[in-house]
Amino acid sequence: MSALLQVSNLVTEFGGGRGRSGLKAVNDVSFSVDRGKVLGLVGESGSGKTVTGFSILRLLERPGRITGGRILFDGTDIANCSEEEMRNLRGKRIAMVFQDPMMTLNPVLTIGTQMVEAVQAHDKVSKDVARQRSRDALGLVGIPSPEERLAAYPHQFSGGMRQRVAIAIALLHQPDLIIADEPTTALDVTIQSQIIYEFQRLAEESNTAVIWITHDLAIVSRLADDIAVMYAGRLVETGPVGEVLTDPRHPYTAGLIASVPSQNRRGEPLHQIRGMTPAINRLPQGCSFRTRCDRATEGCLIMPDLIPEEDRAFRCIHPVMKEVA
Amino acid sequence: MVTSIIRRLFQAIFVIVAMTIIVFIGVNVIGNPVDILINPDANQAERARVIAHYGLDQPIWKQYLMFLQGLLHGDFGDSFVYGRPALGLILERLPATLELAITALGIALVVGLPLGLYAGLYPKRLSSKLIMSGSILGFSLPTFWVGLMLIMVFSVELGWLPTNGRGPTMEFLGVQWSFLTGEGLRHLLLPAFNLALFKTSLILRLTRAGVQEVLPQDYIKFARAKGVRESRIIGVHVFKNLMIPVVTIIGLEFGSLIAFSVVTESIFAWPGMGKLIIDSINLLDRPVIVAYLMMMVMLFVALNFIIDICYTILDPRVRLDAKA
């Protein structure tokens with residue numbers, strides 16, 4: 001069985017055109033997600049994770065555009081879809097939850113209006129039926145007295161409640177794929193747990209595929225089946241979560257893992273990756289991580305390919321190997 | 001909601017009272033009407049009689065109280081020039097100004113909103129750039145000059161439209177209106193267009209700015225991610241956010257159209273209130289000036305009140321603030 005979503009060698013550029021090349025926010029990124037699986041797409045701010053998400057929905061804002069690679073969704077190349085076909089995919093088969101719940105709902109429309117329009121955008125049903133479905137979806141994400149809530153405006157909700165509404169909207173059509181762009185970053189920890197639990201249940205029960213975009217490795221370890229680590233627009237390491245997080249190959253992944261605070265290393269200074277993420281228009285020659293890496297040698301002046309190893313892959317010629325004790 | 005309306009009502013009354021003082025002092029400063037009212041050859045006794053007749057021999061605070069008393073009865077005194085009640089004189093001219101203002105505002109909305117929307121949605125197109133450049137002209141060309149040019153081109157050179165007056169009028173609801181007759185409509189066209197030019201540019205630029213502010217918002221992108229049709233995104237999501245500032249401006253500009261269409265009315269000899277007030281100021285016709293100013297104060301207060309209510313309908317966030 002082929003994967004639900006297959007992204008291969010995706011390149012998304014900003015600017016450029018007319019012969020000049022733009023800035024590659026996403027560069028040669030490949031991954032796939034199966035039904036019922038959760039992929040954790042991990043990276044720092046500016047590493048291209050969000051742009052990857054928007055590329056899949058073809059919702060890039062100018063001057064951003066896809067300039068290379070292929071995105072196959074359920075066997076269809078989305079580059080060949082017409083605008084109307086894309087609209088039919090969005091919300092219906094691929095849904096997205098945004099990062100900032102305070103900004104994703106229109107402040108001058110009621111929750112009900114915004115949910116009903118989402119239903120009616122794809123299904124020719126009466127307003128009453130659409131309202132009923134919206135009510136059920138709100139109940140599903142644990143919003144009390146959904147009937148009254150439909151008449152409320154976004155500013156009458158807290159951030160956590162708004163994110164639940166956004167998730168309820170994403171669930172309205174029982175999509176095949178949900179792209180969740182750091183949906184819990186703006187929320188407090190207890191609500192974060194509840195939402196992660198909801199997504200887990202969703203993936204298991206409805207066989208929905210999830211791409212969870214985040215910089216939080218702790219969430220990924222709890223939720224995801226697979227992980228894809230991005231750095232400066234490129235994938236640096238992919239593989240099953242269990243293997244990658246316990247036995248990372250790429251020094252960047254290893255650095256990220258070491259930077260997570262832990263009970264076991266109480267009192268010790270927290271590990272930091274030295275330096276800062278380079279600006280995307282000033283990437284060093286060769287491996288982008290070279291300037292921050294302790295293992296860098298002259299060989300790193302050439303961009304390494306993704307090196308496969310069983311069901312995982314990494315982009316480093318000096319991989320970290322767990323010492324066999 | 002109710003408490004906020006009551007609060008606003010009190011504020012409105014306070015504004016009106018404050019304005020009565022300013023208006024009263026203002027007209028007392030601009031000149032002595034006696035000099036104009038009385039024939040220079042008149043003798044002292046006749047002079048004293050006229051002054052006493054108009055109550056001008058009373059102390060200023062007493063004059064003010066008399067003025068307030070008249071105000072409460074809708075009596076601003078008789079016009080020095082026409083010898084008839086000042087308020088009636090103004091109300092007689094109101095329909096002419098009103099139809100001019102409404103037509104101008106209509107033109108401004110029908111032209112400004114769609115063009116602004118277009119220029120905001122497709123800012124890179126040449127046509128959008130032309131629209132925006134044109135709006136700068138509409139903004140900066142002085143009204144009197146545009147009015148004269150309109151007369152030059154459409155009346156003098158082309159001979160299509162009349163230069164002045166209202167043309168024949170037709171009675172409707174007991175008032176004479178120009179727009180009901182074909183000839184009157186022809187008379188209305190040029191002054192209305194002249195008056196609308198600035199407002200069109202204003203609404204156009206405001207609309208475009210609104211579109212450009214709303215479009216990059218996350219909630220627009222989220223609506224797209226829901227698969228909502230583009231027509232609905234523009235027509236509902238963008239438009240409703242956009243109308244909040246536009247409604248405010250429409251209200252205020254409608255007031256200014258009625259109150260300050262003086263230049264256009266003078267150029268096209270439109271027999272509206274603007275023309276009346278200019279004539280009255282020249283002749284120091286105090287009751288008419290006062291009545292006019294007070295009417296405009298009430299007009300603006302009423303418009304602001306209506307805008308506030310529209311505002312709470314459009315923007316739910318304001319509603320909650322009012323409750324708190």
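**A predicted two-chain model**

Ile6(B) counts as exposed because it has 10 C-beta neighbours inside 10 Å; a residue is exposed if 12 or fewer other C-beta atoms lie within 10 Å of its own, buried if 20 or more do, and partly exposed in between, with C-beta atoms placed from the backbone. This is a predicted model, in which local features need pLDDT of at least 70 and side-chain atom pairs count only at pLDDT 80 or more, while totals for chains, interfaces and linings use all residues. Residues are numbered from 1 along each chain as its sequence is written, and chains are lettered from A and ligands numbered from 1 in the order in which they are written.

Ile6(B) belongs to helix α1 of chain B; helices (H or I, at least four residues) and strands (E, at least two) are DSSP runs, numbered from the N terminus. Ile6(B) and Asn304(B) are separated by 298 residues in sequence and, C-alpha to C-alpha, by 14 Å in space.

Chain B is divided into domain 1 (15-72) and domain 2 (94-323), with bounds that come from an automatic or database domain assignment. Between the C-alpha centres of the two domains of chain B the distance is 37 Å. Across the boundary, 11 residues of domain 1 of chain B are in contact with 10 residues of domain 2 of chain B, contact being defined by C-beta atoms, placed from the backbone, that lie within 7 Å. On the domain 1 side of chain B, α1 (2-29) and α2 (33-37) each supply at least two residues. The largest share of that side, six residues, comes from α1(B). By class, the domain 1 side has nine nonpolar, two polar and no charged residues; Ala, Val, Leu, Ile, Met, Phe, Trp, Tyr, Cys and Pro count as nonpolar, Asp, Glu, Lys and Arg as charged, and the others, Gly among them, as polar.

A helix pair in chain B comes next. The axes of α5 (residues 86-121) and α12 (residues 273-282) of chain B come within 8 Å and cross at roughly 140°. α5(B) is therefore oblique to α12(B). Here axes are lines fitted to C-alpha atoms, for helices over the stretch in contact, and angles run from 0 to 180 degrees between N-to-C directions; those under 35 degrees count as roughly parallel, over 145 as roughly antiparallel, 65 to 115 as roughly perpendicular and the rest as oblique. From α5(B) the contact draws on Leu89(B), Ile90(B), Arg93(B), Leu94(B) and Thr97(B), and from α12(B) on Met273(B), Gly274(B) and Leu276(B). These comprise five nonpolar, two polar and one charged residues.

Where the chains meet, 20 residues of chain B and 24 residues of chain A take part in the contact. In chain B, α9 (218-225), α10 (230-259) and α14 (316-323) each supply at least two residues of the side that touches chain A, and α9(B) gives the largest share, six residues. This side of chain B has seven nonpolar, four polar and nine charged residues.

Chain A contains 10 helices and 12 strands. Its radius of gyration is 21 Å, close to the 20 Å that the globule rule gives for 325 residues, so chain A is as compact as a globular protein of that length; the radius is taken over C-alpha atoms, and the rule is 2.2 Å times the number of residues to the power 0.38. Of the 325 residues of chain A, 44% count as buried. In helix α10 (residues 251-259) of chain A, the buried residues are Pro251(A), Tyr252(A), Thr253(A), Ala254(A) and Leu256(A). They pack against α8 (217-223), β9 (226-231), β10 (234-240) and α9 (241-246) of chain A.

Technical notes
Contact = placed C-beta atoms within 7 Å.
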